[in-house]
Amino acid sequence: MRIIKLNKQIKKRFIFLLIIFVCFSSSIFLISYSLKDQIAYFVEPTDLKKMNELENKYLRVGGLVKENSLKFIDGSWVFEVIDQNKNSINVVFSKTLPNLVEEKKGIIVEGKLVNNTFIAEIVLAKHDENYMPQSAINKLKEEGKWRGD
Amino acid sequence: MFAITPNALSTFMNSISKYIVILSFLLIGIAAFLIIFIENDYYQGISFKIMFIHVPAAWLSLAIFLAMGISSIIGLIFKSPTAFTIARSLSPIGLIMSIIVLVTGSIWGNLTWGAYWVWDARLTSMLILAFIYLGHILLLYSFEHFQKADFAASILAIIGMVNLPIVKFSVDWWTTLHQGSSVLKIGGPSMTNDYLITLLVSFLGIFMLTMYWFSNIFYIIIEKRKIERSKLLND
């Protein structure tokens, strides 16, 4: 069998490209690693407990709307945003909610924390990666495997 | 593989392109039928059907960039004109695909999230991908000699490949408004089989259409060069 010998020129070009690629990708990696808190779109209620000087700081907080917490009181929506670690914050929102905001569904609130109450200025519904027709859910409910609402 | 001349590849693709376009129309027809008659999502309602265009376009915009980057590497290392011409004819398709992703995504976003656009990691990196495609096309047409243009544009394509894992894994690495992957993820797809089949048929149809489009662009580039060469010889 003949061993394929790489041409010297080809080897040179390969190393040239490799250096370009490694330099560029490592710089992108370092940038995104050092800015990872800024790149993150939202924080969870658990992260809020670790943070200092929360008062009057503009934040985005994400999580699920807590069960039986969504209420309409004095012209504004009041609800609790809860995360997987069962930490939650109280949110007040005085505008119209997006259509798909429901209890036990994902939500992102944008605003300020004042006296342990989150005054939201923007509310976004966060959809998860599950897609299902109603018939499949009915089937799951019959089998007792449905974990959602 | 690097011995194939652009002319031979162009002739070959031109000979099979009519079968590809028939197949793609057939698949897109089946996909359209499935999309119309499939049951709505229990939570989003009818707006989730945008997914059947959005997701194939997103996969293709990433896959086309990967193909472009690999053929740029082959082109630069082995000085292969075929690989350069493949990269050159892929970038307009990729640009259109990424624009489709951004437009359908923002329509869906307004219906679901309540906002057309947010600056989260997935959306921003996808916008950057579209801009890299645009930059690649502009670089290709900003040189007098196409060999020089190919060299400069391939460097951009290779550097731009850094963005591909960022687009794909942005939803896992950082918190984003965009939901995680539904199909290509650990633990299997998180949608029912009828949705999955519709998605795959739609993807195959759009993929075949892009192949047809690619073979046409490739053919046009080769024919243009032939005309230019004969003009030079006649002068």
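Helices (H or I, at least four residues) and strands (E, at least two) are taken as DSSP runs and numbered from the N terminus. By this assignment Lys50(A) falls in helix α3 (residues 45-50) of chain A. A residue is termed buried if 20 or more other C-beta atoms lie within 10 Å of its own, exposed if 12 or fewer, and partly exposed in between, with C-beta atoms placed from the backbone. Lys50(A) is exposed because 7 other C-beta atoms lie within 10 Å. Its C-alpha atom is 15 Å from that of Arg60(A), at a sequence separation of ten residues.

The structure is a predicted model, in which local features need pLDDT of at least 70 and side-chain atom pairs count only at pLDDT 80 or more, while totals for chains, interfaces and linings use all residues. Residues are numbered from 1 along each chain as its sequence is written, and chains are lettered from A and ligands numbered from 1 in the order in which they are written. The model has an ipTM of 0.85 and a pTM of 0.90. For chain B the average pLDDT (the predictor's confidence in each residue, from 0 to 100) is 91, and 99% of the residues score at least 70.

Strand pairing in chain A was assigned where DSSP finds at least two bridges between two strands. Strand β1 (residues 58-65) of chain A runs antiparallel to strand β5 (residues 106-114) of chain A, and seven bridges join them. Within β5(A), Ile107(A) is the residue opposite Gly63(A). β5(A) also pairs with strand β6 (residues 117-126) of chain A, in the antiparallel sense and over nine bridges. Ile108(A) has Leu124(A) as its bridge partner in β6(A), and Gly111(A) is opposite Ala120(A) in β6(A). Ala120(A) also stands opposite Phe93(A). β4(A) and β6(A) are paired in the parallel sense, over four bridges.

Positive phi values occur in loop residues of chain A. The hairpin of β5(A) and β6(A) has two residues between the strands, and Asn115(A) there takes a positive phi near 50 degrees. Asn116(A), in the loop between β5 and β6 of chain A, has a positive phi near 65 degrees and is not a glycine. Asn116(A) counts as exposed because it has 9 C-beta neighbours inside 10 Å. Lys104(A), in the loop between β4 (88-93) and β5 of chain A, likewise is a residue other than glycine with a positive phi, near 65 degrees. With 13 C-beta neighbours inside 10 Å, Lys104(A) is therefore classed as partly exposed.

Two residues are in contact if their C-beta atoms, placed from the backbone, lie within 7 Å. With residues up to four places away in sequence left out, Val109(A) touches Val61(A), Val81(A), Val91(A), Phe118(A), Ala120(A) and Val123(A).

Helix α1 (residues 8-34) of chain A has 27 residues, and its end C-alpha atoms are 39 Å apart. None of the residues of α1(A) is buried, and the helix is hardly covered.

The contact between the chains takes 32 residues from chain A and 33 residues from chain B. On the side of chain A that touches chain B, two or more residues each come from α1, α2 (36-39), β6 and α4 (134-143) of chain A. The largest share of this side, nine residues, is that of α1(A). By class, this side of chain A has 21 nonpolar residues (Ala, Val, Leu, Ile, Met, Phe, Trp, Tyr, Cys and Pro), six polar residues (the others, Gly among them) and five charged residues (Asp, Glu, Lys and Arg).

Trp174(B) is located in the loop between α6 (163-173) and α7 (193-234) of chain B. Trp174(B) is buried because 20 other C-beta atoms lie within 10 Å. Apart from neighbours within four places in sequence, Trp174(B) is in contact with Lys36(A), Ile39(A), Ala40(A), Tyr41(A) and Ala121(B). Trp174(B) and Asp120(B), 54 residues apart in sequence, have a C-alpha to C-alpha distance of 9.0 Å.

How values were computed. The expected span of a helix is 1.5 Å times one less than its number of residues.
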